[in-house]
Every structure is written in structure tokens, then in C-alpha cells.
Amino acid sequence: MADDLKISTGTKSERYRALIPQLKALLEGENDLIANLGNVSAALKEQFNFLWVGFYLVKNDELVLGPFQGPVACTRIKKGKGVCGASWAEKKIILVPDVEAFPGHIACSSASRSEIVIPIIDSSERVIGVLDVDSEELDSFDETDATYLSDIINLVGFNLGK
């Protein structure tokens, strides 16, 4: 699919619901993980105008920066460090309404005010990466984001076995 993304308006849920079929069409038939992660990052950034959207992939016991959209980012993150490392270590979604209040937050961008990180867990229950989304606004993320971003990760084809 080479068509431009159709940006929708409405509630957050309506915007995710409009984006998901477009992502399915965009990813269909493409088996290259990096290409797909790049397009997912771009589509989420365009649709929601987030500050930063991207993936970190587990390599040699650390998270290594993958495809992203936004300002330059931290290249490597240790397990348990910052929001991404905590999500990896705890194997859970972490919502941070105010990054200044998160112990050990890694400030890759001083403009980031809130964050959500979704772990990517394979069929053997190993975290193989995370989806990290940052906003310039406080308290930008909620369970709606957690639900739809998890659904989007499942579209990518990490072979999660879920």
C-alpha cells in the first residue's frame, strides 16, 4: 500500500479504530520487520502527533534503538533502567502521567512530559522489544492507548503466539 495515511478526527478510540485497518493494509504482504516497525512508528506519529514513537529491540541483554519517529533518542537502555527498561524487566505496560515523577526516568528529550511503554512478548514469554511513545503533554496516555497500542503490536507479526 503506497497510499497516504488518512488522518482521522474524533475521540482517541475512533482515531485508533480508523488507523488499524490502514496499518493492516500497510503491513499486509511485507515480511521485513524493520520496514514494518518504521511504518507503524510513522503512522502513529502522524495520526496522533506524539512527540516520539519508536521501538527498542532486545539485543545482547539491552534494549537497542530501532525504527522511530521524532527527536534523536537514547541508543541503548539497560534492563530495569528508565520506563523502557522497567517495562522490559516487569513484562508489563507502564503508563507514566508525568515523567518527572518516575524514579530513574531517562530523559532522552527534555520535551517529553508523559510516556507509555508496551512490552513486546514472544510466544516463549520473553520480552523481545518495547514500543515507546512519548508526549509533550502531561497525562496523555490511558488504558485506551494501552489496549490499541497492544493491538497494533500484534499486527506487526512478531509471532507472539497470542
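How many cavities of 30 Å³ or more does a search of the whole structure find? The search finds 1, where a cavity is a set of points on a 1 Å grid over the protein atoms alone at which a 1.4 Å probe fits but cannot get out. This is a predicted model, in which local features need pLDDT of at least 70, side-chain atom pairs count only at pLDDT 80 or more, and totals for chains, interfaces and linings use all residues. Residues are numbered from 1 along each chain as its sequence is written, and side-chain values use heavy atoms, with hydrogens and water left out.

**Overall build**

- The protein has 4 helices and 6 strands, taken as DSSP runs (helices H or I, at least four residues; strands E, at least two) numbered from the N terminus.
- Along the sequence, these elements follow the pattern α-α-β-β-β-α-β-β-β-α.
- The radius of gyration is 15 Å, close to the 15 Å that the globule rule gives for 162 residues, so the protein is as compact as a globular protein of that length; the radius is taken over C-alpha atoms, and the rule is 2.2 Å times the number of residues to the power 0.38.
- The C-alpha trace spans about 40 × 35 × 25 Å along its principal axes.

**Surface and contacts**

- Of the 162 residues, 44% count as buried (under 20% relative accessible area, with a 1.4 Å probe and protein chains only).
- The accessible surface comes to about 8,200 Å², and carbon and sulfur atoms hold 47% of it; these areas come from the Shrake-Rupley method with a 1.4 Å probe.
- Among contacts (heavy atoms within 4.5 Å) with a separation of 6 or more, 54% join residues 24 or more positions apart.

**The largest cavity**

- About 170 Å³ of space lies inside the largest cavity, a volume being the space filled by probe spheres set on grid points that are joined across faces, edges and corners.
- Its lining holds 19 residues, with I106, C108, E115, D132 and D134 nearest the centre; a lining residue has an atom within 4 Å of a point.
- Two or more lining residues come from each of β1 (52–59), α3 (82–90) and β6 (127–135), and α3 gives the most, with 3 residues.
- The lining divides into 11 nonpolar, 4 polar and 4 charged residues (Ala, Val, Leu, Ile, Met, Phe, Trp, Tyr, Cys and Pro are nonpolar; Asp, Glu, Lys and Arg are charged; the others, Gly among them, are polar).

**A look at N36**

- N36 sits in helix α2 (residues 33–48).
- N36 is buried, with a relative accessible area of 2%.
- Not counting residues up to four places away in sequence, N36 touches L27, E30, N31 and V156.

Note on methods: 1 Å grid on protein atoms, 1.4 Å probe; cavity = no way out; pocket = protein on both sides within 12 Å on 5 of 7 lines; lining within 4 Å. Buried < 20%, exposed > 50% of the residue type's maximum accessible area, 1.4 Å probe, protein only.
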